[in-house]
Amino acid sequence: MILIWAPLGLVALLVALAAWGLGRVAGFHTLLFALGVQILLMWWALALLARTKPALRGAFFIVRPWEAPLYQRLGASIFANILRLVGWERLRWGARGFGGTRASLARLDHATREAEYSHLLLALICLGLAAGAFLLHAADTAGWLLFTTIPVHLYPVMLQRSLRWRLQRLGIRE
């Protein structure tokens with residue numbers, strides 16, 4: 001994907017222009033616009049990760065013992081089953097770098113950190129966009145952005161942290 005190697009400012013500008021174009025075509029106050037913005041931001045996040053290669057270490061990435069049960073109660077496992085049902089897990093299998101062996105578990109640990117980092121960053125951006133929409137008296141747009149942020153970013157964060165909890169219990173760390 002050529003956009004990964006383009007300057008990040010250019011990629012951000014292209015994402016913003018594409019979002020504006022989508023809003024002009026589909027309407028800025030629609031679910032389709034909010035979903036389109038989420039997809040465009042995920043492409044931008046892929047470019048960001050490829051260019052910046054953040055370390056993704058530190059206490060934040062250590063999953064606490066109480067987190068995994070909380071995520072289960074919030075329905076993370078149901079969300080995971082839905083992703084499997086629609087084929088998302090098969091589609092993303094190769095991107096994680098996990099080959100099914102114990103030796104590749106460290107790469108899987110790193111992949112969970114990358115996914116968590118990008119989804120948290122995008123959730124924060126979406127919260128900012130929703131706040132901006134609300135300030136511009138577009139409460140419906142703000143609502144759609146918030147509504148789509150939950151399944152597109154927050155549940156994936158819970159899934160990544162749940163998986164990393166299991167890896168931590170095995171003693172796997174990048």
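Trp144 and Phe147 both belong to helix α7 (residues 139-169) and stand 3 residues apart, so about one helical turn separates them. In this predicted model, their rings form an edge-to-face aromatic pair. Trp144 is partly exposed, with 29% relative accessibility. Phe147 counts as exposed, at 51%. The cut-off for exposed is over 50%.

A pair of aromatic rings is described by the distance of the centres and the angle of the planes. In total, the structure holds 4 aromatic pairs. Another of them joins Phe60 and Phe61, again edge-to-face, with 5.3 Å between centres and 85 degrees between planes. Phe60 is partly exposed at 49% relative accessibility. Phe61 is buried, at 7%.

| Residue | Relative accessibility | Class |
|---|---|---|
| Phe60 | 49% | partly exposed |
| Phe61 | 7% | buried |
| Trp144 | 29% | partly exposed |
| Phe147 | 51% | exposed |

**Helix α1**

Helix α1 runs over residues 8-26, 19 residues in all. From first C-alpha to last it reaches 26 Å, close to the 27 Å expected at 1.5 Å a residue. Its buried residues are Val11, Val15, Ala19 and Gly23. Seen down the axis of α1, the buried residues fall within an arc of 115 degrees, so they line one face of the helix. The cover over these buried residues includes α2 (31-52). On the other side of α1, the exposed residues are Gly9, Trp20, Arg24 and Val25. Just after α1 comes Gly27, with a positive phi of about 100 degrees.

**Loops**

Positive phi also turns up in residues other than glycine. Lys53 is one case, with phi near 45 degrees. Lys53 lies in the loop between α2 and α3. Lys53 is exposed, with a relative accessible area of 58%. His137 is another case, with phi near 65 degrees. His137 lies in the loop between α6 (105-135) and α7. At 75% relative accessibility, His137 is exposed too.

Leu74 is found in the loop between α3 and α4 (76-86). Leu74 is partly exposed, at 43% relative accessibility. Which residues does Leu74 touch, not counting those up to four places away in sequence? They are Tyr155 and Met158. Leu74 and Met158 are 84 residues apart in sequence, yet their C-alpha atoms are 9.1 Å apart in space.

**Confidence**

The protein chain has a mean pLDDT of 88. Of its residues, 91% reach 70 or more. Among the elements of the chain, helix α3 (residues 67-73) has the highest mean pLDDT, 96. Helix α5 (residues 88-92) has the lowest, 75. Where pLDDT is low, the predicted coordinates should not be read in detail.

Terms used:
Residues are numbered from 1 along each chain as its sequence is written. This is a predicted model: local features need pLDDT of at least 70, side-chain atom pairs count only at pLDDT 80 or more; totals for chains, interfaces and linings use all residues. Side-chain values use heavy atoms; hydrogens and water are left out. Rings of Phe, Tyr and Trp (its six-membered ring) pair if their centres lie within 6.5 Å; planes under 30 degrees apart count as stacked, over 60 as edge-to-face and the rest as tilted. Buried means under 20% relative accessible area, exposed over 50%, partly exposed in between (1.4 Å probe, protein chains only). Helices (H or I, at least four residues) and strands (E, at least two) are DSSP runs, numbered from the N terminus. The expected span of a helix is 1.5 Å times one less than its number of residues. The arc is that of the directions from the helix axis to the C-beta atoms. Contact means heavy atoms within 4.5 Å. pLDDT is the predictor's confidence in each residue, from 0 to 100.
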